Amino acid sequence: MRLDSKTAEKFAKAIIWSAALLVIAVLLAVIIYILAKGVPEISWDFLSQIPRSMGRSGGISSTIIGTLLVTLVAVAVATPFGIGTAFYLTEYTREGKITRVIRFSAESLAGIPSIVYGLFGFIFFVIYLKLGWSILSGGLTLAIMILPTIIRTTEEAILAVPYMYREVGFSLGGTRWQTITRAVFPSALPGIANGIILSIGRCVAETAAVILTAGSALQMPESLFSPARTMAVHFYILAREGISMENAFGTAALLIILIFIINVVFNMLVNRFVAKGR
Amino acid sequence: MKNMKEKLSGRIFLAVALSTLSALAVITVFIFIKGLPIIGKVGVLDFVFGMKWAPSEGAFGIFPMIVGSVAVTLGAVIIGVPVALCCSVFLAEFAPVWMRNLFRPAIQLLAGIPSVVYGFWGVIFIVPFIRDYLGGPGLSILAGSVILAIMILPTIISISEVSILALPRYYKEGALALGLTHWQTIRSLLVPAAKSGIVAAVILGIGRAIGETMAVIMVLGNAVALPESILDPVRTLTTNIGIEMGYASGEHQEALFATGVVLFIIIMILNATAQYIVRRKRAR
């Protein structure tokens with residue numbers, strides 16, 4: 001039987017709308033459930049106290065600090081490399097063999113699963129470079145993982161800068177370096193900030209790569225060479241080993257709130273950037 | 001002087017840019033150096049097609065995990081791709097502007113939620129549902145597929161939407177002017193024209209599904225055995241590493257790196273294919 005075109009149109013529309021609504025429903029189901037169970041667990045004590053008896057009681061302060069430091073190291077290391085690479089690809093050279101190799105590498109890095117990053121970070125930073133399970137090992141591993149994100153977003157931001165800016169820069173007698181640092185870079189900055197914010201989100205959410213490189217120690221880290229447990233790892237261990245459902249929910253809720261805030265900031269920046277571009 | 005500075009900055013930028021290449025090289029070298037010896041010792045065929053994984057006895061066969069990875073990923077594709085495609089068509093063609101403005105950040109949020117949270121949610125909702133209504137232990141291929149289907153949605157939706165939106169306007173205008181309905185235009189013109197982008201999106205989604213670890217550890221049951229139905233528990237390549245890396249040492253640890261080598265090769269093939277498709281399209 002062939003449907004006539006009007007019925008087919010209605011039918012297809014119904015399916016497409018329901019698929020879209022289904023996705024939203026799933027998203028809401030996950031978020032609302034975790035928040036409903038977890039938000040009541042969040043209190044000042046939960047945020048400010050160190051986990052006790054494996055996380056069964058006490059708060060999660062050391063994992064918040066751990067998350068913060070690992071993310072900080074990752075972003076601090078990846079940002080200059082990511083921005084530099086993006087500027088090289090867009091401003092310093094024509095498309096050719098070298099750019100193809102660099103792009104291929106970046107895209108390949110983006111596709112490597114986080115557990116493989118974990119394996120690599122373990123054998124390279126933890127064992128070979130003798131950094132041990134530490135914030136530094138975790139942060140450096142994540143730095144490589146987020147590098148492609150920063151490169152791509154920065155590249156997009158640079159390409160969005162009108163060509164005129166460069167022409168004016170050069171015509172004023174500026175060198176390429178001067179033109180880039182004084183004309184292109186400042187106007188690409190909001191876009192670059194987006195890439196960094198997106199990367200922060202990825203670091204906060206990551207588990208597999210961090211657990212193998214930063215470890216899962218619960219004490220408050222003392223330096224970048226201390227092992228640390230991030231919030232995502234803490235949540236994983238609490239939930240998987242059934243240590244404390246209350247604290248697991250609380251940690252998950254905090255993670256989701258954090259990711260939500262990061263996304264909101266990201267979108268505000270994007271909107272401002274777009275508005276400015278017009 | 002000015003010229004020298006200019007040259008120097010160019011060199012420095014090139015050196016920085018090559019960091020991606022060196023990172024990729026170092027990762028490949030270290031994973032392979034640590035993983036290849038044990039594959040050599042066991043034998044490539046016995047490692048890849050071996051049915052028995054018993055590290056304490058020195059038996060390292062990962063075939064059940066390869067089957068596990070393929071089964072879970074296939075399930076995720078079957079469940080996730082149609083939904084994702086509908087969503088991208090919805091966003092590109094049907095959604096009112098206000099909905100689109102709401103939908104895009106929602107998809108971003110979906111992508112940002114930690115994978116462990118999805119796994120946990122799966123344990124609480126999907127696993128009991130499967131156990132009570134479909135049978136089996138609940139921890140199963142199906143549970144993993146559902147969770148992964150949700151997790152690959154953002155990747156597939158955003159890339160396919162972009163490739164539909166990138167089509168020239170006159171495609172659609174021409175089709176509508178010829179009297180095709182909106183749906184006919186989408187089905188017979190827009191989706192086929194955006195096909196290469198959509199295929200690349202699906203391949204990247206497959207890559208994400210095969211590579212995901214923490215979410216599926218929680219819902220798959222992790223038994224090392226060939227599954228007989230989608231309601232059976234399985235172990236994947238990634239979960240094998242995730243579960244045992246915490247305590248493995250010696251040959252056992254090397255065998256986990258070797259599992260990583262196999263995973264790495266699969267992912268590289270998928271990535272290269274996706275990149276090739278995208279590039280060929282751009283060249284055209």
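Chain A of this predicted model contains eleven helices and two strands, where helices (H or I, at least four residues) and strands (E, at least two) are DSSP runs numbered from the N terminus. Their order from the N terminus is α-α-β-β-α-α-α-α-α-α-α-α-α. Along the principal axes, the C-alpha atoms of chain A fill a box of roughly 65 × 65 × 35 Å.

Of the 278 residues of chain A, 50% are buried; a residue is buried if 20 or more other C-beta atoms, placed from the backbone, lie within 10 Å of its own. Two residues are in contact if their C-beta atoms, placed from the backbone, lie within 7 Å. Of the contacts in chain A between residues at least 6 apart in sequence, 75% link residues at least 24 apart.

Chain A also meets chain B: 66 residues of chain A are in contact with 63 residues of chain B. Helix 1 of chain A gives the largest share of the chain A side, 18 residues. The table divides that side by class; Ala, Val, Leu, Ile, Met, Phe, Trp, Tyr, Cys and Pro count as nonpolar, Asp, Glu, Lys and Arg as charged, and the others, Gly among them, as polar.

| Class | Chain A residues touching chain B |
|---|---|
| Nonpolar | 49 residues |
| Polar | twelve residues |

In chain B, the buried residues of helix 5 include B:I107, B:L109 and B:L110.

Residues are numbered from 1 along each chain as its sequence is written, and chains are lettered from A and ligands numbered from 1 in the order in which they are written. Local features need pLDDT of at least 70 and side-chain atom pairs count only at pLDDT 80 or more, while totals for chains, interfaces and linings use all residues.

Technical notes: A residue is buried if 20 or more other C-beta atoms lie within 10 Å of its own, exposed if 12 or fewer, and partly exposed in between; C-beta atoms are placed from the backbone.
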